[in-house]
Amino acid sequence: MSAIAARRPRIGFTSMKRENAMTDRGGGLMALISEAFLPTLTFHSYPQSLDALFERARLAGEEGLEPDALAAMNLALEPAATFLLNRPDDIAAPEIDVWPDGQIAFEWYVERGRKVAVLINAAGRLVYSAIRGAEHDGATVYVSGQWPVSLVMAINRTIR
Amino acid sequence: MSYNPEAIADAEQISRFACERSYYRSSDMSAKEKAFALDRGGEVSVFRIDDLAHHELWTIGDEACRARGKLAIASLEFTAVRVRKLGLALVVDEPPVRHAAIRQWPSEDQRLKLQQRLADVCTVRLRVG
């Protein structure tokens, strides 16, 4: 485990009541959040980025995401939260969004032609693409306790 | 350019209608790759908008967003040749009239790259009035 990963809180999602979250756009999601996170994270270790993630997910539910997309999004919350919690300290927090199919998106945007996008789906598959003018870095991996070195390098090359 | 129902010319103006604000950035009026998320059929639905009056444009946009219970709030516009230069297919897909589809998307990160590239060439026209 890297030094960065060791500093990050570890969370478990096995107690999530996914069925609740999938059928109740508001209350279920909040139940999922509180049951999954509050017992395992202290006030001081609860990262703001998770607030942003769950707030965006809540809004996506209110904005009329299709039921199957909502279900996919709820499943994607776990790997997306894992991804956020393991963000290296020297990389800025990304913008968070939800795609129409329920994938959770993270973005670092500098300007047209210079940006990084990450998509995480319900299975924890992570697709990223970084473009810098004509240059491109991209790959498909699975979310784990550490970010792929290639992604970290792509972000550093693109947004700095 | 006059509308030809049989074929789409490279110089034609194409629109991807935005049904929500998260399809573009207000900060620099650029489109987001999310706007080119594939639909269930694995394609992106667009419209050919040359020679349309203002009200006609937004009537079509509202129709495009109706399935999601929304109204069009912006038109993300680009020329047909931009799509083809990315190696994607832009084909007539009527009805409805003027509807077209962007097809032949690659998989995974290559698809995301093309969605980013296409977003980059868009001009964002907000609905006013």
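A polar contact here is a pair of N or O atoms within 3.5 Å; within protein, one of them must be able to donate a hydrogen and the other to accept it, and residues adjacent in sequence count only if both atoms are side-chain atoms. This is a predicted model, where local features need pLDDT of at least 70 and side-chain atom pairs count only at pLDDT 80 or more, while totals for chains, interfaces and linings use all residues. Residues are numbered from 1 along each chain as its sequence is written, chains are lettered from A and ligands numbered from 1 in the order in which they are written, and side-chain values use heavy atoms, with hydrogens and water left out.

**View 1. Arg25(B) and its surroundings.** Here we look at Arg25(B), whose place is in strand 2 (residues 24–25) of chain B; helices (H or I, at least four residues) and strands (E, at least two) are DSSP runs, numbered from the N terminus. The side chain of Arg25(B) reaches the backbone oxygen of Ala31(B) at 3.1 Å. Arg25(B) counts as buried, with 5% relative accessibility. Buried means under 20% relative accessible area, exposed over 50%, and partly exposed in between (1.4 Å probe, protein chains only). Setting aside residues up to four places away in sequence, Arg25(B) touches Glu107(A), Tyr109(A) and Lys115(A) from chain A, plus Ser30(B), Ala31(B), Lys32(B) and Glu33(B). Contact means heavy atoms within 4.5 Å.

**View 2. Where chain A meets chain B.** On the contact count, 30 residues of chain A go with 26 residues of chain B. The two chains bury about 2200 Å² between them, with 43% of it on carbon and sulfur atoms. Trp99(A), Arg112(A) and Lys115(A) supply 27% of the area that chain A buries against chain B, more than any other three residues. Buried area is the accessible area (1.4 Å probe) that two parts lose on being put together, summed over both. The polar-contact rule picks out 19 residue pairs across this interface (both at pLDDT 80 or more). Strand 1 (95–98), strand 2 (104–111), strand 3 (114–120), strand 4 (125–132) and strand 5 (135–142) of chain A each bring at least two residues to the side that touches chain B. Strand 4 of chain A gives the largest share, six residues. Sorted by class, that side of chain A has 13 nonpolar, six polar and eleven charged residues. For the classes, Ala, Val, Leu, Ile, Met, Phe, Trp, Tyr, Cys and Pro count as nonpolar, Asp, Glu, Lys and Arg as charged, and the others, Gly among them, as polar.

**View 3. Salt bridges within and between the chains.** Side chains of opposite charge can pair when their charged atoms come close. The rule for a salt bridge is a side-chain nitrogen of Lys or Arg within 4 Å of a carboxyl oxygen of Asp or Glu. Over all chains, the search turns up 24 of them. Arg56(A) and Asp97(A) make one, at 2.9 Å, N to O. That pair links distant parts of the chain, with Arg56(A) in helix 4 (residues 48–62) of chain A and Asp97(A) in strand 1 of chain A, 41 residues apart. Both Arg56(A) and Asp97(A) are buried. Asp97(A) also meets Lys34(B) in a salt bridge at 3.1 Å, N to O. Since Asp97(A) lies in strand 1 of chain A and Lys34(B) in the loop between strand 3 (30–31) and strand 4 of chain B, this pair joins two chains. Lys34(B) is buried too. What network do these residues belong to? Arg56(A), Glu63(A), Asp97(A), Glu20(B), Lys34(B), Arg68(B) and Lys70(B) are linked in a network of salt bridges.

**View 4. Strand 1 of chain B and its partners.** Five of the six residues of strand 1 (residues 13–18) of chain B are buried, so this strand is largely enclosed by the rest of the structure. Strand 1 pairs with strand 5 (residues 74–79) of chain B in the antiparallel sense, over six bridges. Arg16(B) stands opposite Leu76(B) in strand 5. Strand 4 (residues 44–48) of chain B also pairs with strand 1 in the antiparallel sense, over two bridges. There, Ser15(B) has Phe47(B) as its bridge partner. Two strands pair if DSSP finds at least two bridges between them.

**View 5. Gly61(B) in its helix.** Gly61(B) lies in helix 1 (residues 54–66) of chain B. At 0% relative accessibility, Gly61(B) counts as buried. Leaving aside its neighbours within four places in sequence, Gly61(B) is in contact with Phe17(B) and Ala72(B).
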